[in-house]
Structure formats: structure tokens, C-alpha cells
Amino acid sequence: GQPRRIAVQIFPYAKGRRLLLTRDVTALQLAEAMRRDFVANVSHEIRSPLTVIAGFIETLQTLPLDEAQRQHYLGLMAQQAQRMQALVDDLLTLSRLEGSPAPDASHWVAVSALVEEAAAHARALADVLHGGGQTIEVQRGPEVEVAGHAGELASALGNLASNAVRYTPADGHITVGWTVLPDETVDIWVRDDGPGIAPEHLPRLTERFYRVDRSRSRDTGGTGLGLAIVKHVAQRHGGELLIDSTVGKGSTFRLRLPPARVMVLSSPDGARAS
Ligand code: ADP
């Protein structure tokens, strides 16, 4: 395993006598190193769009440009500003998730509504990025509800759906669906037939700012925080994020959530069992 780091403090407490205090600071130092890494990463991610924007401002100030050229540069600046906005939004989401207690488990959320919303989100994004060339299907499971926070679950699935759209080519196929397992846990999944992810990347995929291909992620508007957010949401709901992927075949991302309850459809008088 890792070498352990021990801090030693020596207190002379009487003539010729010393008290030796040892403390295992391995975890503390690791946490500190991770924090430093994170701050360095955030700074870098903010600095690069800022550098681009500053460069274009200088261009606009110094070069005699016609209106079309001006619009071109302004468009590029707007793109970079959007990138920074997405980054700051995701950072705020992460810090909110980390700083707040787990969501109230007595709220029930219909899985079909979550899946339909994710599919609609995917279709809208696919229209913009691929001109509607991708097919996006829903594969329904039994009508169930899961305990948790509708907004967090929707944003987790939205992240998975938008990754599928962004990393899958324009003629690709994406399916969003859900399955109730024999022990009543629920898998809500997003499957694509995109490029897939090599096994060596899988363990690190949910780390903040970890990307298989940095430039590709940026081109498609990625902040590098999406899967970190999804993993957080899964864990806060007592679940996990599972990733299956084969290079050249595609990927399946599953949000595995604790046992669902079967939805009881409203009876004619509107009463509803719980
Ligand atoms: P990003 O903003 O870069 O998409 P994420 O945390 O959402 O950040 O994803 C991390 C990395 O995982 C991505 O940069 C990409 O390399 C890889 N990835 C995520 N989803 C997929 C997918 N559906 N197909 C292929 N690669 C993916």
C-alpha cells in the first residue's frame, strides 16, 4: 500500500524527559493534496476561456474589421463566456451537493417522468449538435417510483443523456430506459453506440476534470464535472453509478437506486394507496 505519513511532535516536559506525540497524517495530507489539485484545475479551466476572450477583445480594439468579422469574433467570445458559465454552474452544483444533507427519502419520484425528461433533453441537444440525425428512444420498465430529490435525479440523468449525445456520432443511437431488478433496486440507464471508453479510463471517469480526450470534451461544451455530479447524486440517494463500455461498440451508464415502490394508479375516485 501507500507509505504512511507520521507527524511527530516532541514536548520536553521535565529535566531530561520528553514526550513524543505521533499522529498519522496520511489522510490529512492526501485531502490537502486533492484540494490543491482541485484549485489548480479550476484555475486552469477558468483561465483558458478568459485568455481567449482577452485575445479577441484586443483584436477588436486594434484591427480595423468589417461588421461580419466583428460578429464572428463576438460569436467566439460568447462561446467562451458560455463555457465559463457552464463551469461555474457545475462547480456550484457540486459544492451544493457536498454541503447539504442527503435528500429527504420520503419524497417519491416517478421514474417514467425522469426518463421522459432526460430523453426530451437529449433530443433537444441532438437537434442542435447533430441536426436531428441521432435516434433517441425510450425503453420503459415497470411503473415505479424512487425515493429522493426530483431535481437532483433529473440533473444526473440529464448529464448522462447529454454525454451520450455529445460523444456519439451524428448517426448514432441512444436509448434511455429503466429496469427493476429482482431485489427491487432500480437501474435507470442511458445507452449509446458511440466510441466507447477504454477500460483503463473507467476507474477515473468520475473524478473531477478527468476526460478521456480533453479537446473533444471542450469542443462539445463539456466542463469535465458532469460524471462527478452524477456520482454524487447517486451516492446521496444511497445508490451508485455503474459504467459498462466497450471501445468501438458504445457505453451504458446506469444510475442504480435503492428499492423502488410500485406505483399504484389512481382509482376512479382519485384515492391513491401509498
Ligand atoms: P465532460 O464535461 O468532459 O463530458 P464528464 O464528467 O461528463 O465530463 O465525462 C468525463 C469524460 O468521460 C468525458 O470527457 C468523456 O471522455 C467520457 N465520456 C462520458 N460519457 C461518455 C460517453 N457516453 N461515451 C464516451 N465517452 C464518454
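How many cavities of 30 Å³ or more does the structure hold? The structure holds two. A cavity here is a set of points, on a 1 Å grid over the protein atoms alone, where a 1.4 Å probe fits but cannot get out.

A word on the source. This is a predicted model, in which local features need pLDDT of at least 70 and side-chain atom pairs count only at pLDDT 80 or more, while totals for chains, interfaces and linings use all residues. Residues are numbered from 1 along each chain as its sequence is written, and side-chain values use heavy atoms, with hydrogens and water left out.

The largest cavity holds about 60 Å³ of space, a volume being the space filled by probe spheres set on grid points joined across faces, edges and corners. Glu45, Arg83, Leu87, Arg211, Gly222 and Thr223 line the largest cavity; lining residues have an atom within 4 Å of a point.

Now the pockets. A pocket is an open set of points with protein on both sides within 12 Å along at least five of seven lines. The largest pocket has a volume of about 1,200 Å³, and its lining counts 48 residues. Nearest its centre lie Asn163, Arg166, Tyr167, Gly221 and Gly222. Helix 4 gives the most to this lining, with nine residues; helices (H or I, at least four residues) are DSSP runs, numbered from the N terminus.

What takes up the space of the largest pocket? The ligand does, where sitting in a pocket means that more than half of a molecule's atoms lie within 2 Å of the pocket's grid points. Around the ligand are 20 residues, the closest being Tyr167, Asp192, Ser217, Gly224 and Leu227; a residue counts as near if one of its heavy atoms lies within 4 Å. Helix 4 (150–167) is one of the elements that supply at least two residues of this shell, and helix 4 gives the most, with four.

The side chain of asparagine 163 has an N or O atom 2.8 Å from one, and for the side chain of arginine 166 the distance is 2.9 Å. At leucine 227, a backbone N or O atom lies 2.8 Å from a ligand oxygen. Taken alone, the ligand exposes 530 Å², and the protein buries 97% of that, by the Shrake-Rupley method with a 1.4 Å probe.

Last, the second largest pocket has a volume of about 430 Å³. Its lining has 16 residues, with Met34, Phe38, Thr206, Glu207 and Arg208 nearest the centre.

Note on methods: A polar contact is a pair of N or O atoms within 3.5 Å; within protein, one must be able to donate a hydrogen and the other to accept it, and residues adjacent in sequence count only if both atoms are side-chain atoms.
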